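Reader: I am new to this structure and would enjoy a close look at a single part of it. Could you pick one spot and walk me through what surrounds it?

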Amino acid sequence: MPKLKEEAQQAQNQLLQLAGQEQTLHNKRDVSQENTAQIRTLESDKNRLEKEIVEIDEKLNLLLAQPDNAKCPVCQTELGASGLQHISKHYNSENKASRSNYTASLR
């Protein structure tokens with residue numbers, strides 16, 4: 001009988017150990033799932049920022065390719081030199097912000 005009690009106690013201790021290991025694995029799985037979700041979000045943000053950068057570059061290149069008869073991309077009125085410079089400055093600052101966000105998302 002004492003031997004059976006000892007074996008039962010050992011089995012109980014093993015069950016407690018296994019329960020602890022199971023909880024540890026559960027916690028690690030949760031952390032892994034959270035990390036995977038964060039990675040997907042970062043990849044999505046990265047792709048969106050890359051697309052924004054390309055679009056801004058394309059808009060800027062279109063404007064700068066026709067400096068004499070450039071038109072406002074919103075209202076289609078002709079831009080003078082100052083208007084072209086203003087929109088160019090705006091696109092450059094958007095581009096800089098997107099690139100900065102892109103760089104930050106890579107960290």
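**A close look around Asn-95**

The side chain of Asn-95 makes a polar contact with the side chain of Arg-99, at 2.8 Å. (A polar contact is a pair of N or O atoms within 3.5 Å; within protein, one must be able to donate a hydrogen and the other to accept it, and residues adjacent in sequence count only if both atoms are side-chain atoms.) Before going further, please keep in mind that this is a predicted model, where local features need pLDDT of at least 70 and side-chain atom pairs count only at pLDDT 80 or more, while totals for chains, interfaces and linings use all residues. Residues are numbered from 1 along each chain as its sequence is written, and side-chain values use heavy atoms, with hydrogens and water left out.

Asn-95 sits in helix H2; helices (H or I, at least four residues) and strands (E, at least two) are DSSP runs, numbered from the N terminus. With a relative accessible area of 6%, Asn-95 is buried. Here buried means under 20% relative accessible area, exposed means over 50%, and partly exposed lies in between (1.4 Å probe, protein chains only). Setting aside neighbours within four places in sequence, Asn-95 is in contact with Ile-53, Ile-56 and Asp-57, where contact means heavy atoms within 4.5 Å.

Now follow Arg-99, the polar partner of Asn-95. Arg-99 also forms a salt bridge with Asp-57, and their closest N and O atoms are 3.1 Å apart. Arg-99 belongs to helix H2 (residues 81-106) and Asp-57 to helix H1, so this pair ties together parts that are 42 residues apart in sequence. A salt bridge is a side-chain nitrogen of Lys or Arg within 4 Å of a carboxyl oxygen of Asp or Glu. Arg-99 is partly exposed at 41%, and Asp-57 is partly exposed too, at 24%.

Ala-97 is another residue of helix H2, partly exposed with a relative accessible area of 38%. Its C-alpha atom is separated by 13 Å from that of Asp-57, a residue 40 places away along the chain.

Searching the whole structure finds three salt bridges. One of them joins Lys-46 and Glu-50 (3.4 Å, N to O), which are four residues apart in helix H1 (residues 2-65), about one helical turn. Another joins Arg-48 and Glu-52, with the closest N and O atoms 2.8 Å apart; these two are also four residues apart in helix H1. Arg-48 is partly exposed at 42%, as is Glu-52 at 26%.

Finally, let us step back. The protein has two helices and zero strands. Its radius of gyration (taken over C-alpha atoms) is 30 Å, well over the 13 Å from the globule rule for 107 residues (2.2 Å times the number of residues to the power 0.38), so the protein is more spread out than a compact globule. Of the 107 residues, 15% count as buried.
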